[in-house]
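Here are my notes after going through the model you sent.

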Amino acid sequence: MSKTAASPSPETALHDAGEHVSEEMVQFVSFLVEDEEYMIDIRLVREIIKKVKITTLPKSSSFIEGILDLRGAIIPIVNLRRKLGLLKADMQGKEGNIVIVENKGKFIGLIVDAVREVVRVKAKQIELKPTIARAEREYVSGICQYGDRLLILLAIDRLFSADEMEMFANL
């Protein structure tokens, strides 16, 4: 899978003391899930593909849509709506995209409603400790105002538990 150009993450681009905020630009891939716009660090994105036929796995977790053979690599496919606990968990006939991300050395496909664009912002534009409910903070590492849109920065490294990552590794 192709490697994407690296850019500093908001966590590394911001100074720990919080007194000096970097003017460094960071890049994210933005996408829609239900009515919300999310973004993930572009360095974690390996590929974006149209939603294709997915092989279902019996007795798998409710958020696992199945697996996909992508040029010889078996990729677990996750329904991001279900994983995030959104009320409208199914896409009801929508096409959607699959965003292939790398998490702890494993490739995982995330089904999203639509990929929007690559967003390039200054690191200081990202609020790294958003004031949101604790349950939502579990997967959210920041919020960014981008024009007239509010983008939610997903923490891919916290999206899946150690048990879930082990399950993915055994596929």
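1. Let's start with a pair of phenylalanines: Phe-63 and Phe-160 are both buried. Keep in mind throughout that this is a predicted model. The two ring centres sit 6.4 Å apart with the planes at 35°, so the pair counts as tilted. Phe-63 belongs to the loop between strand E3 (45-50) and strand E4 (64-70), while Phe-160 is in the loop between helix H4 (156-159) and helix H5 (162-169).

2. Which residues touch the most other members of the largest nonpolar core? Phe-160 is one of them, along with Leu-80 and Leu-110, in a core of 27 residues. Strand E1 (25-33), strand E2 (36-41), E6, E7, strand E11 (149-154), H4 and H5 each put at least two residues into this core. A second, separate core has ten residues, among them Met-39, Val-119, Leu-151 and Leu-153.

3. The aromatic pairs come to three in total. One of them is Phe-31 with Tyr-38, a stacked pair at 6.2 Å centre to centre and 20° between the planes. Phe-31 is at 0% relative accessibility, so it counts as buried. Tyr-38 has a relative accessible area of 8% and is buried too, because the cut-off is under 20%.

4. Strand E7 (residues 106-112) deserves a look of its own. Six of its seven residues are buried, so the strand is mostly covered. E7 pairs with strand E5 (residues 73-79) in the parallel sense over three bridges, and here Asn-79 has Ile-111 as its bridge partner. With strand E6 (residues 97-103), E7 pairs in the antiparallel sense over seven bridges; Asn-103 is bridged to Lys-106 there.

5. Please check the backbone in two loops. E6 and E7 form a hairpin with two residues between them, and Lys-104 in that turn has a positive phi of about 55° although it is not a glycine. Is Lys-104 buried or exposed? It is exposed, with a relative accessible area of 62%. Glu-34, in the loop between E1 and E2, is another non-glycine with a positive phi, at about 60°. The reason to flag these is that most residues other than glycine have a negative phi.

6. Finally, some whole-protein numbers for your records. The secondary structure comes to five helices and eleven strands. Of the 171 residues, 46% are buried. Among contacts with a separation of 6 or more, 59% are between residues 24 or more positions apart. The protein exposes about 9,400 Å², and carbon and sulfur atoms supply 50% of that area.

Note on methods:
Residues are numbered from 1 along each chain as its sequence is written. This is a predicted model: local features need pLDDT of at least 70, side-chain atom pairs count only at pLDDT 80 or more; totals for chains, interfaces and linings use all residues. Side-chain values use heavy atoms; hydrogens and water are left out. Buried means under 20% relative accessible area, exposed over 50%, partly exposed in between (1.4 Å probe, protein chains only). Helices (H or I, at least four residues) and strands (E, at least two) are DSSP runs, numbered from the N terminus. Two strands pair if DSSP finds at least two bridges between them. Rings of Phe, Tyr and Trp (its six-membered ring) pair if their centres lie within 6.5 Å; planes under 30 degrees apart count as stacked, over 60 as edge-to-face and the rest as tilted. Contact means heavy atoms within 4.5 Å. Accessible areas come from the Shrake-Rupley method with a 1.4 Å probe; for residues, only the protein chains shown count as cover. A nonpolar core is a set of buried Ala, Val, Leu, Ile, Met, Phe, Trp, Tyr and Cys residues joined through side-chain atoms within 4.5 Å.
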